[in-house]
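Colleague: I am new to this structure and would like to learn how to read its features. Please take me through them in order.

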Amino acid sequence: MISTQDRPKEHIFLESVVGPVRIVLIEGQPASLQQIDPKTPHLSKWILESQRQSPMLFSLLSKSLLNGDIFEGELSLQGLPPFYKMVLERVKTIPKGTVKTYSQLAEEIGHPLAVRAVGSALAKNPLPLLIPCHRVIRKNGQIGHYSLGGKSMKEKLLKLEGFKPFP
(Lines give C-alpha, C1' and ligand atoms only; values in the text may rest on other atoms or scores of the structure.)
Protein backbone atom coordinates (compact mmCIF):
# COMPACT_ATOMS: atom_id res chain seq x y z
CA MET A 1 0.00 0.00 0.00
CA ILE A 2 1.29 3.47 -0.89
CA SER A 3 1.42 5.93 2.01
CA THR A 4 -0.08 9.40 1.70
CA GLN A 5 3.44 10.86 1.62
CA ASP A 6 4.43 8.67 -1.36
CA ARG A 7 1.43 9.54 -3.52
CA PRO A 8 1.96 12.07 -6.29
CA LYS A 9 1.18 15.64 -5.26
CA GLU A 10 0.27 18.48 -7.52
CA HIS A 11 -0.28 22.14 -6.82
CA ILE A 12 -2.81 24.63 -8.06
CA PHE A 13 -2.40 28.37 -7.52
CA LEU A 14 -5.24 30.87 -7.52
CA GLU A 15 -6.64 34.01 -5.96
CA SER A 16 -8.93 33.97 -2.93
CA VAL A 17 -10.62 36.52 -0.69
CA VAL A 18 -7.51 36.39 1.53
CA GLY A 19 -5.09 36.80 -1.38
CA PRO A 20 -3.20 34.22 -3.43
CA VAL A 21 -3.20 30.62 -2.23
CA ARG A 22 -1.53 27.35 -3.11
CA ILE A 23 -3.62 24.22 -2.87
CA VAL A 24 -1.88 20.87 -2.68
CA LEU A 25 -3.76 18.18 -4.58
CA ILE A 26 -3.55 14.48 -3.80
CA GLU A 27 -4.91 12.33 -6.60
CA GLY A 28 -6.56 15.44 -8.06
CA GLN A 29 -8.37 16.40 -4.85
CA PRO A 30 -7.58 19.44 -2.70
CA ALA A 31 -5.73 18.28 0.42
CA SER A 32 -4.31 21.46 1.96
CA LEU A 33 -4.39 25.21 1.43
CA GLN A 34 -1.72 27.78 2.26
CA GLN A 35 -1.60 31.52 1.74
CA ILE A 36 1.11 32.76 -0.64
CA ASP A 37 2.93 36.07 -0.45
CA PRO A 38 1.47 38.20 -3.28
CA LYS A 39 5.04 39.31 -4.12
CA THR A 40 6.16 35.74 -4.88
CA PRO A 41 8.09 35.72 -8.17
CA HIS A 42 6.24 34.07 -11.08
CA LEU A 43 2.95 33.86 -9.11
CA SER A 44 0.79 35.25 -11.92
CA LYS A 45 2.37 32.74 -14.33
CA TRP A 46 1.62 29.88 -11.92
CA ILE A 47 -2.01 31.02 -11.58
CA LEU A 48 -2.46 31.15 -15.38
CA GLU A 49 -0.80 27.76 -15.76
CA SER A 50 -3.06 26.28 -13.06
CA GLN A 51 -6.12 27.63 -14.86
CA ARG A 52 -4.93 26.17 -18.16
CA GLN A 53 -4.01 22.76 -16.78
CA SER A 54 -7.12 22.20 -14.63
CA PRO A 55 -9.90 24.48 -15.91
CA MET A 56 -12.83 22.68 -14.25
CA LEU A 57 -11.15 22.34 -10.86
CA PHE A 58 -9.84 25.90 -11.11
CA SER A 59 -13.39 27.15 -11.77
CA LEU A 60 -14.88 25.18 -8.85
CA LEU A 61 -12.14 26.37 -6.51
CA SER A 62 -12.47 29.99 -7.65
CA LYS A 63 -16.23 30.03 -6.99
CA SER A 64 -15.62 28.85 -3.47
CA LEU A 65 -12.50 30.89 -2.70
CA LEU A 66 -13.69 34.18 -4.20
CA ASN A 67 -17.47 34.03 -3.75
CA GLY A 68 -17.82 31.87 -0.63
CA ASP A 69 -19.88 29.26 -2.48
CA ILE A 70 -19.93 25.74 -1.06
CA PHE A 71 -17.20 23.72 -2.75
CA GLU A 72 -18.95 21.07 -4.83
CA GLY A 73 -15.91 18.89 -5.52
CA GLU A 74 -14.31 16.10 -3.52
CA LEU A 75 -11.75 16.92 -0.87
CA SER A 76 -8.90 14.76 0.39
CA LEU A 77 -9.00 14.52 4.17
CA GLN A 78 -6.57 11.61 4.32
CA GLY A 79 -4.64 11.22 7.52
CA LEU A 80 -7.21 12.95 9.72
CA PRO A 81 -8.98 11.08 12.53
CA PRO A 82 -12.55 9.94 11.69
CA PHE A 83 -14.05 12.40 14.19
CA TYR A 84 -12.23 15.33 12.55
CA LYS A 85 -13.43 14.20 9.12
CA MET A 86 -17.01 14.05 10.39
CA VAL A 87 -16.79 17.59 11.78
CA LEU A 88 -15.14 19.00 8.64
CA GLU A 89 -17.65 17.33 6.30
CA ARG A 90 -20.48 18.93 8.28
CA VAL A 91 -18.81 22.36 8.28
CA LYS A 92 -18.41 22.12 4.50
CA THR A 93 -22.22 22.41 4.19
CA ILE A 94 -22.64 25.69 6.11
CA PRO A 95 -23.91 28.23 3.54
CA LYS A 96 -22.38 31.64 2.97
CA GLY A 97 -23.80 34.35 5.23
CA THR A 98 -24.76 31.95 8.02
CA VAL A 99 -22.99 30.61 11.06
CA LYS A 100 -23.26 27.69 13.43
CA THR A 101 -21.93 27.41 16.95
CA TYR A 102 -19.43 24.84 18.10
CA SER A 103 -22.15 23.31 20.29
CA GLN A 104 -24.63 23.15 17.37
CA LEU A 105 -22.05 21.26 15.33
CA ALA A 106 -21.37 18.86 18.19
CA GLU A 107 -25.10 18.12 18.42
CA GLU A 108 -25.52 17.78 14.64
CA ILE A 109 -22.82 15.11 14.41
CA GLY A 110 -24.29 13.19 17.34
CA HIS A 111 -21.69 14.14 19.98
CA PRO A 112 -23.34 16.93 22.01
CA LEU A 113 -20.68 16.89 24.72
CA ALA A 114 -17.75 17.10 22.30
CA VAL A 115 -17.75 20.88 21.89
CA ARG A 116 -14.02 21.24 22.59
CA ALA A 117 -13.22 18.33 20.28
CA VAL A 118 -15.15 20.12 17.53
CA GLY A 119 -12.96 23.18 18.14
CA SER A 120 -9.84 21.01 17.94
CA ALA A 121 -11.00 19.53 14.63
CA LEU A 122 -11.56 23.00 13.20
CA ALA A 123 -8.13 24.14 14.40
CA LYS A 124 -6.64 21.30 12.30
CA ASN A 125 -8.69 22.15 9.18
CA PRO A 126 -6.24 21.69 6.28
CA LEU A 127 -8.54 23.48 3.83
CA PRO A 128 -9.77 26.74 5.35
CA LEU A 129 -12.15 28.62 3.03
CA LEU A 130 -13.04 25.39 1.18
CA ILE A 131 -14.17 23.96 4.52
CA PRO A 132 -15.46 27.26 5.89
CA CYS A 133 -14.56 26.94 9.57
CA HIS A 134 -14.75 30.75 9.79
CA ARG A 135 -18.54 30.20 9.82
CA VAL A 136 -18.35 28.58 13.25
CA ILE A 137 -18.62 30.86 16.27
CA ARG A 138 -19.05 30.59 20.03
CA LYS A 139 -22.48 30.12 21.59
CA ASN A 140 -22.28 33.58 23.18
CA GLY A 141 -21.87 35.17 19.73
CA GLN A 142 -18.14 35.85 20.03
CA ILE A 143 -16.12 35.14 16.91
CA GLY A 144 -13.50 32.84 18.42
CA HIS A 145 -10.19 31.80 16.90
CA TYR A 146 -9.29 31.34 13.23
CA SER A 147 -6.16 29.66 11.90
CA LEU A 148 -6.01 31.59 8.61
CA GLY A 149 -5.24 35.10 9.79
CA GLY A 150 -6.74 35.28 13.26
CA LYS A 151 -9.90 36.83 14.64
CA SER A 152 -9.75 39.94 12.42
CA MET A 153 -9.62 37.79 9.26
CA LYS A 154 -12.56 35.71 10.50
CA GLU A 155 -14.57 38.88 11.12
CA LYS A 156 -13.62 40.21 7.67
CA LEU A 157 -14.70 36.97 5.94
CA LEU A 158 -18.03 36.87 7.77
CA LYS A 159 -18.68 40.53 6.93
CA LEU A 160 -17.84 39.93 3.24
CA GLU A 161 -20.34 37.06 3.22
CA GLY A 162 -23.09 39.28 4.60
CA PHE A 163 -23.30 37.80 8.08
CA LYS A 164 -25.13 40.05 10.50
CA PRO A 165 -23.72 39.61 14.03
CA PHE A 166 -25.95 38.67 16.93
CA PRO A 167 -27.60 41.69 18.63
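**Reading the features**

Modeller: Leu-129 lies in the loop between helix 5 and strand 5; helices (H or I, at least four residues) and strands (E, at least two) are DSSP runs, numbered from the N terminus. This is a predicted model, in which local features need pLDDT of at least 70 and side-chain atom pairs count only at pLDDT 80 or more, while totals for chains, interfaces and linings use all residues. Residues are numbered from 1 along each chain as its sequence is written, and side-chain values use heavy atoms, with hydrogens and water left out.

Colleague: What is the phi of Leu-129 near?

Modeller: Most residues other than glycine have a negative phi. Phi of Leu-129 is near 85 degrees, a positive value in a residue other than glycine. His-42 also has a positive phi, near 70 degrees, and lies in the loop between strand 3 and helix 1.

Colleague: Is Leu-129 buried or exposed?

Modeller: Buried means under 20% relative accessible area, exposed over 50%, and partly exposed in between (1.4 Å probe, protein chains only). Leu-129 has a relative accessible area of 6%, so Leu-129 is buried. His-42 is at 53% and therefore counts as exposed.

Colleague: How many salt bridges are there?

Modeller: A salt bridge is a side-chain nitrogen of Lys or Arg within 4 Å of a carboxyl oxygen of Asp or Glu. By this rule there are three salt bridges. One joins the side chains of Glu-108 and Arg-90, at 2.6 Å from N to O. Glu-108 lies in helix 4 (residues 102–108) and Arg-90 in helix 3 (residues 82–91), so this pair ties together parts that are 18 residues apart in sequence. Glu-108 is partly exposed at 34% relative accessibility, and Arg-90 is partly exposed at 28%.

Colleague: Which residue besides Arg-90 is linked with Glu-108 in a network of salt bridges?

Modeller: Lys-100 is linked with Arg-90 and Glu-108 in that network. The side chains of Glu-108 and Lys-100 meet in a salt bridge of 2.6 Å, N to O. Lys-100 has 18% relative accessibility and counts as buried.

Colleague: Where do Arg-135 and Glu-161 lie?

Modeller: The side chains of Arg-135 and Glu-161 meet in a salt bridge, with 2.8 Å from N to O. Arg-135 lies in the loop between helix 5 (115–123) and strand 5 (136–137), and Glu-161 in the segment after helix 6 (150–160), so the pair ties together parts that are 26 residues apart in sequence. Arg-135 is buried, with a relative accessible area of 2%, and Glu-161 is buried at 14%.

Colleague: How many aromatic pairs does a search of the whole structure find?

Modeller: A pair of aromatic rings is described by the distance of the centres and the angle of the planes. Rings of Phe, Tyr and Trp (its six-membered ring) pair if their centres lie within 6.5 Å; planes under 30 degrees apart count as stacked, over 60 as edge-to-face and the rest as tilted. A search of the whole structure finds one aromatic pair. Phe-13 and Trp-46 form this tilted pair, 5.0 Å centre to centre with 35 degrees between the planes. Phe-13 is in strand 1 (residues 9–16) and Trp-46 in helix 1 (residues 43–53), so the pair ties together parts that are 33 residues apart in sequence. Phe-13 counts as buried at 12% relative accessibility, whereas Trp-46 is partly exposed at 29%.

Colleague: What does a polar contact join to Ser-32?

Modeller: A polar contact is a pair of N or O atoms within 3.5 Å; within protein, one must be able to donate a hydrogen and the other to accept it, and residues adjacent in sequence count only if both atoms are side-chain atoms. The side chains of Ser-32 and Gln-34 are joined by a polar contact of 3.0 Å. Ser-32 is in strand 3 (residues 29–35) and is buried, with a relative accessible area of 17%.

Colleague: How far apart are the C-alpha atoms of Phe-58 and Ile-12?

Modeller: The C-alpha atoms of Phe-58 and Ile-12 are separated by 7.8 Å, and the two residues are 46 residues apart along the chain. Phe-58 is in helix 2 (residues 55–67) and is buried, with a relative accessible area of 9%.
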